[in-house]
Amino acid sequence: MTDAQQTRDLVRRFYATYHSADRDAIEKLLSHDFRFTSPYDDAIDRATYFERCWSHAGTFAYLDVKELLIEGDTCFVLYEGAAANGSRFHNTERLQLENGRIRSVEVFFGRPQGETSDAGSDIRALVERQAQAIRDKDADGVMIHNAPDMLSFDIVAPLRQRGAEVVRERLQHWFDAFDGAIGCEVRELEVATSSDTAFAHFLQRFSGTNTSGIAIDMWVRVTMGLRRIDGRWLIVHEHMSDPFDPDSGMALTQLAP
């Protein structure tokens with residue numbers, strides 16, 4: 001196998017790991033001093049790359065390499081893909097290789113940092129990624145979109161929770177209360193943006209069976225406040241609620257859209 005063929009094989013395996021979400025495979029493809037750059041990431045290191053970017057792995061309907069050009073240890077790649085919600089995209093990336101591993105990736109895509117013309121699409125994709133993370137019981141996948149000092153008004157006590165770590169603990173406790181998969185559906189999503197601030201509201205359905213064998217199927221109302229911080233949209237406030245019956249004082253969890 002020629003050097004060029006080996007490079008093509010390595011690069012194609014790199015993109016295949018994003019479709020299959022094979023963390024072990026991609027770990028073997030990246031150098032220890034790996035760096036990642038995009039319009040939203042400034043030469044972040046390997047650990048930050050996995051924390052910030054890897055949560056998207058496995059969420060694509062497809063991811064296909066269309067063109068692959070090699071010049072020495074540099075490779076330019078044009079690929080196309082589609083998210084789980086059907087939205088399509090295409091990116092160009094410059095990969096730098098060294099000793100049979102990928103040392104750096106630089107991504108060229110979309111609009112420059114700070115431009116807000118398509119912020120609504122970004123936030124819709126964020127909401128869908130969080131819903132998929134809930135279906136996967138992936139607490140880290142949910143929390144990666146939350147600001148460290150976020151404020152949460154949950155549907156259960158206490159009245160409010162401050163800080164991502166507290167919210168994550170509550171989230172993991174909720175995941176552990178389900179026996180098997182969690183159903184999560186989003187409907188009637190509306191997004192409003194202005195500069196680096198945005199609001200989203202939608203109806204969300206949760207379903208499944210808890211560890212006591214009780215079937216759960218309920219809709220809640222969700223409102224999110226978001227800010228664009230260092231080029232990324234993060235949730236700074238989340239409010240979930242159910243209406244209640246004023247006569248009985250009980251939450252109306254059986255309502256459906």
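Visitor: Which residue does R103 form a salt bridge with?
Guide: R103 pairs with E98, and the closest N and O atoms are 3.1 Å apart. Keep in mind that this is a predicted model.

Visitor: What stands opposite E98?
Guide: That's R101 in β6.

Visitor: How do β5 and β6 run, and how many bridges join them?
Guide: Strand β5 (residues 88-98) and strand β6 (residues 101-108) run antiparallel, with seven bridges joining them. They form a hairpin with two residues between the strands. In the turn, N99 has a positive phi of about 55 degrees.

Visitor: OK, zoom out. What's the strand order in that sheet?
Guide: β2-β1-β6-β5-β4-β3, an open sheet of six strands with mixed pairing. At the edges you find β2 (41-45) and β3, and each of them pairs on one side only. On average, neighbouring strands here are turned by 20 degrees against each other, if you ignore direction.

Visitor: Which helix packs on it?
Guide: α1 does, and it touches β1 (30-38), β3, β4, β5 and β6. The direction of α1 makes about 160 degrees with that of β3.

Visitor: Which surface patch is F76 part of?
Guide: A nonpolar one of about 300 Å², made by L69, F76 and F108. L69 lies in strand β3 (residues 60-71).

Visitor: Why does L69 count as exposed?
Guide: Because its relative accessibility is 53%, and the cut-off for exposed is over 50%.

Visitor: And A82, buried or exposed?
Guide: Buried, at 4% relative accessibility. A82 is found in strand β4 (residues 74-83). A82 and D64 are 18 residues apart in sequence, while their C-alpha atoms are 9.4 Å apart in space.

Visitor: How do side chains point along a strand, anyway?
Guide: In a regular strand they alternate between the two faces of the sheet.

Visitor: Switching topic: what's the strand order in the other six-strand sheet, the one with β8 in it?
Guide: The order there is β8-β7-β12-β11-β10-β9, an open sheet with mixed pairing. β8 and β9 (183-194) stand at the edges with a single partner strand each, so one side of each is left without a neighbour in the sheet.

Visitor: How does β9 pair with β10?
Guide: In the antiparallel sense, with ten bridges between β9 and strand β10 (residues 197-209). E185 stands opposite R205 in β10.

Visitor: Which helices lie across these strands?
Guide: Helix α4 (residues 119-135) lies across β7, β9, β10, β11 (215-229) and β12 (232-241), running at about 155 degrees to β9. α6 lies across β7, β8 and β10, and runs at about 60 degrees to β7.

Visitor: What does R170 meet in a salt bridge?
Guide: D154, with 3.0 Å from N to O. D154 lies in the loop between β7 (146-153) and β8 (161-162) and R170 in helix α6 (residues 164-176), so the pair ties together parts that are 16 residues apart in sequence. D154 is buried, with a relative accessible area of 19%.

Visitor: Last one: how many salt bridges does the count come to?
Guide: Twelve, counting a side-chain nitrogen of Lys or Arg within 4 Å of a carboxyl oxygen of Asp or Glu.

Methods
Residues numbered from 1 in each chain as written. Predicted model: local features only at pLDDT ≥ 70, side-chain atom pairs only at ≥ 80, totals over all residues. Heavy atoms only, no water. Patch = residues over 30% accessible without salt bridge, like charges linked within 9 Å, V, L, I, M, F, W, Y side chains within 5 Å. Areas by Shrake-Rupley, 256 points an atom, 1.4 Å probe, with all protein chains shown as cover. Helix = DSSP H or I, 4+ residues; strand = E, 2+ residues; numbered from the N terminus. Buried < 20%, exposed > 50% of the residue type's maximum accessible area, 1.4 Å probe, protein only. Pairing = 2+ DSSP bridges. Axes fitted to C-alpha atoms, helices over the stretch in contact; angles between N-to-C directions. Contact = heavy atoms within 4.5 Å.
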